[in-house]
There are 2 protein chains.
Amino acid sequence: MRQAHHPELGEITLTKVMAALSDPIRVGLVRVLADGRERGWGELRAPVAKSTLSHHLRVLRDAGLTRTRQEGTRCYVVLREKDLQARFPGLVRTVLTAAETDDVGGHVSVREDPDAT
Amino acid sequence: MRQAHHPELGEITLTKVMAALSDPIRVGLVRVLADGRERGWGELRAPVAKSTLSHHLRVLRDAGLTRTRQEGTRCYVVLREKDLQARFPGLVRTVLTAAETDDVGGHVSVREDPDAT
DNA sequence: TCCGTTGTTCGATGTTTATGGAACATCGAA
DNA sequence: TTCGATGTTCCATAAACATCGAACAACGGA
């Protein structure tokens, strides 16, 4: 479980971001993270196997949409809001608004409270 | 070459639109069409075989991003601006802005003037 | 040190995708 | 009707992708 790679600002590409946001589960994950709060991996609820969830979080991370922090044996995920806003102004926000109106990724949620950060 | 299918407003989904815009060539095509003018198929220049170009235009059409009109033996393509704006406000515009800053799809162009519409 | 928790990684599988070339269908013009 | 231009469709291929279960690695606690 070595520290994962995160692209820096200049390495974030539009097509990768778009591709990352073309899957309902990943859109759902971004929606859950949209309030800017950091979430524990284990808090995230999606109707897929954990290996699949791990895969999706990796795609988001590789695309530059999220940042993962490791603390002891568990991980915390956060949306890279500022970076994305700097790179592609308004993009994430616009997509999120669209996602809300259609409830894309609505089957993804967060288990509140367990032992809050 | 029968008349192709176009999704109606309500059938346009966010994930399909995002997927359609996750390829540089397709982004380039949308950029070329961004001024709202209708373009002839043959005007479009992209560094791929014509069967591949046909494929990309089909993906855009199926996603609801463009509309194709047939006139005699040739086709004309136009961006479904209003529909997209109605469905996902600001989305296409935001993506286009991002695409411009990075020159995504810059290898796609339009042969001006041949015998303008 | 042994064990349980937590995510990642590794096959394996089936689907979708991008790509090009060749064949085809359609239509206007000669 | 025959021909050329215009796109689409078919086929084949290689790569990417979503998915799962199992094995694994890292860490904290008992």
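**Ground rules.** I am working with a predicted model, where local features need pLDDT of at least 70, side-chain atom pairs count only at pLDDT 80 or more, and totals for chains, interfaces and linings use all residues. Residues are numbered from 1 along each chain as its sequence is written, while chains are lettered from A and ligands numbered from 1 in the order in which they are written.

**Chain A meets chain B.** I counted contacts as residue pairs whose C-beta atoms, placed from the backbone, lie within 7 Å. Chain A gives 17 residues to the contact and chain B gives 17 residues. On the side of chain A, helix H1 (14-20) and helix H5 (91-102) each supply two or more residues; H5(A) has the largest share, with six residues. Helices here are DSSP runs (H or I, at least four residues) and strands likewise (E, at least two), numbered from the N terminus.

**Symmetry.** I laid chain A on chain B and got an RMSD of 0.0 Å, with a turn of 180° and a shift of 0.0 Å along the axis. That is the relation of a two-fold axis. The superposition is by least squares on C-alpha atoms of residues with pLDDT of at least 70 in both copies. Of the interface residues of chain A, 100% are also interface residues in chain B, so the copies meet through the same surface.

How values were computed: Contact = placed C-beta atoms within 7 Å.
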